[in-house]
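Dear colleague,

I am handing over the structure below, and after it you will find a description of what turned up in it. Please keep the structure open while you read, so that you can follow each part by eye.

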Amino acid sequence: MRKLFAVVLCIGLLLSGVASAQETIRIGANLEMTGAVAAYGQMIWEGINLIREIVGDTVLGKKVELVLVDNKSDKVEAANATTRLIDKESVVAIIGPAISGSMLAAGPICEEKQIPIISATATNPLVTQGKKFVFRACFLDPYQAAAAAQFAREDLKAETAAILSDIAQDYCVALGNFFKEEFEKRGGKVIVEQHCKTGDQDFSAQLTTIINANPDLLYVPNYYTEIALICRQARDLGYEGIILSADGADAPELFSVGGDAVEGLYHTAIWDATRGLNDIGQKYIDLYKEKFGKDPNMFGALGADAYLILINAIERAGSTDPAKIREAIEDTENLDVVTGKVTIENGDALKPVVVRKVEGGKFVFVKTVTVE
Amino acid sequence: MSWVTFFQQLMNGISVGSLYALLAIGYTLVYGILGLINFAHSDVFMLGTYFAFFMMVIFLLPWWLSVLIGVALCAVVGMSIERVAYRPLRNAPRISALITAVGVSFFIENFGLVTVGARPKGFPRPDLMKNVYVLLGARIQGVTFWVPVISILILFVLFSIVYRTKIGIAMRAVSKDMETTRLMGVDVDRIILYTFALGSALAGIGGVLWACKYPQINPLMGIFPGWKAFTAAVVGGVGNVVGAMLGGFIIGLAEILIVAFFPGLTGYRDAFVFTILIVFLLVRPGGLMGEAVREKV
């Protein structure tokens, strides 16, 4: 009797397993739910779930089942989680880790097992380089710098520019170099390049040299504290030209430290949380505010983007075959996601860069720039 | 480089230098009397800015009153540090006191990180310090003009205390020979307490003026200015108040001019300052104005 019961149970389990495999599409989420950057993973998870409330959780007439595995903000755990998602949970695609280090650990496994993986926010260029199954939903520093250079030339009509970048930060150095390249390609001229170091408080020597060269525009692709102090001292030293910075400017400290000196500062940003660029973006912002009572964050928005890109690709592929999904992701073009229209090229996302300006102690939307 | 630009760079250098000078005086004062480099000096400097900041932002007191209270609180903190950390080690080897000083410094920094957080705050500045004046084509901030004035004023006050008052006589006596001074019936511990109060008040004033020039305060803001001021004190001759001022100006100018003339060396700005420190310690440990001293820490 007992044996019979066991057999029946086994058959039942098998049947239910087969049944669920037919009814649902399993997508893995390999995220930082605990550990050093738990906030990133949790915000992304929040964004994914929020967007499912808006667009629904079905594709190809089947329910999308999310399988969440915590990678504990750790490279080794991220690799283990990827293997587990593919081998044990049989997912057809994965939303990958938030940070580049973990994404670099997860990528090769997906490449080998031919399962597409998309990260919401990993910005290191190496993440997608030379890989077929690895994608990201955010743009890269070179793209942001190119957008800044285009905006400086076409919209601000700057002929000459100076760059003051932080040599202790890869992010700042990269932005400065790519800005220079693109600005000169567009017929402008970078007349002075000066550097500073994270933690510096005095920039008067660099700024005096810059002001002496009299550029139309000063590009400061640094982090908020340095940007605030640089603006302050530049204005005190009599600089009257335009100052342009990047997404590192986005922190309340910019205003508390910079005060009236940061008025008129332009910066490039990943998105503007106060204003949707499209219908779905606006819906996301409204629902987020309603649910959490505060402005939405970039991580959640990019998490939602990663989910939307995947679902759209599955729909266009018309199948759950990972190789077909991979093709469809790479073919993504002008898809409306939370942060604007996205196109995927060589695994990286190309999407409009938001330009904002400081007015009255807060960021005000100016326009979006798509690099041509 | 045009004449005006050079003059502007010179002014930039003097502006930074005068702040180092002010801070260096505090180091040198305590060293001159106790023979101890008070590494917590740069953290009292930081505390001064926070005290004044909170007086202004939370208690909404006027600027001058906030600064006054901030400086007074610094003096209290200085005395507490001496009472708690240095007095029990008065007769211990000098190295113990030095290590304790470093420990106190770390303690204050991390205490700050835990209580007020690492995110920087904007320091409100009065117009007097904020306004920009144009002199011979160079643009000079109010604070650049006031810092040397205040420093010289402080020098006068210091000299009159040290050479004209009874406490001053006692201070000089302690610096010459602590044991004999004690035998003469002077309360040595009290005199040392006063010295710390004076030095810490100077740190507080320096902190507030620093924040007027660089209106961004955070719990670790004292570290680099502290090291540079310490270098200035060594260059000028530790223990020598006028030397400390001179050293401050030299360090400030050196730092600005290296960036102005050799933009490629910007990243070595701090390294350059500390190279000066090492060279002085090797070649002329007594500093520019100091006498040949027997030992140094």
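**The sheet, strand by strand**

In chain A, strand E9 runs parallel to strand E10 (residues 242-245), and four bridges join the two. One place to look at in this pair is Val220(A), which stands opposite Ser245(A) in E10(A). Please bear in mind throughout that this is a predicted model.

The path of the chain between these two strands can also be described: E9(A), helix H8 (residues 224-236) of chain A and E10(A) together make a right-handed β-α-β unit.

Strand E7 (residues 160-166) of chain A is mostly covered, with six of its seven residues buried. E7(A) pairs in the parallel sense with strand E9 (residues 217-220) of chain A over three bridges, where Ala162(A) stands opposite Leu218(A) in E9(A). E7(A) also pairs in the parallel sense with strand E8 (residues 189-196) of chain A, over seven bridges, and in that pairing Thr160(A) has Lys189(A) of E8(A) as its bridge partner. Between E7(A) and E8(A) comes helix H6 (residues 170-185) of chain A, and the three elements make a right-handed β-α-β unit.

Put together, these strands belong to an open sheet of seven strands in chain A, in the order E8-E7-E9-E10-E11-E15-E16, and the pairing in it is mixed. Why is one side of E8 and of E16 left without a neighbour in the sheet? Both E8 and strand E16 (362-369) of chain A stand at the edges and have a single partner strand each, so one side of each is left without a neighbour. On average, and with direction ignored, neighbouring strands of this sheet are turned by 25 degrees against each other.

An antiparallel pair is found where strand E15 (residues 353-359) of chain A is joined to E16(A) by seven bridges, and in this pair Val353(A) stands opposite Val369(A) in E16(A). Helix H6(A) packs on the sheet, where it touches E7, E8 and E9 of chain A, and its direction makes about 165 degrees with that of E7(A).

**Two helices that pack**

Two packed helices are described by the angle between their axes and the distance between the axes. For helix H2 (residues 38-55) and helix H10 (residues 279-292), both of chain A, the angle is about 115 degrees and the axes are 10 Å apart. The crossing of H2(A) and H10(A) is right-handed. On the side of H2(A), the contact is made by Leu50(A), Ile51(A), Glu53(A) and Ile54(A), while H10(A) brings Ile280(A), Lys283(A), Tyr284(A), Leu287(A) and Tyr288(A). By class, the residues of this contact divide into seven nonpolar, no polar and two charged.

**Where chain A touches chain B**

The contact between the chains takes 25 residues from chain A and 23 residues from chain B. On the side of chain A, at least two residues each are supplied by E8, helix H7 (204-213), H8 and H9, and the largest share, six residues, comes from H7(A). This side of chain A has seven nonpolar, 13 polar and five charged residues.

With best wishes

Key: Residues numbered from 1 in each chain as written. Chains lettered and ligands numbered in written order. Predicted model: local features only at pLDDT ≥ 70, side-chain atom pairs only at ≥ 80, totals over all residues. Axes fitted to C-alpha atoms, helices over the stretch in contact; angles between N-to-C directions. Left-handed = near helix turned anticlockwise from the far one by under 90°. Contact = placed C-beta atoms within 7 Å. Nonpolar A, V, L, I, M, F, W, Y, C, P; charged D, E, K, R; others polar. Buried ≥ 20, exposed ≤ 12 C-beta atoms within 10 Å, placed from the backbone. Pairing = 2+ DSSP bridges. Right-handed = clockwise from strand over helix to strand, strands pointing away.
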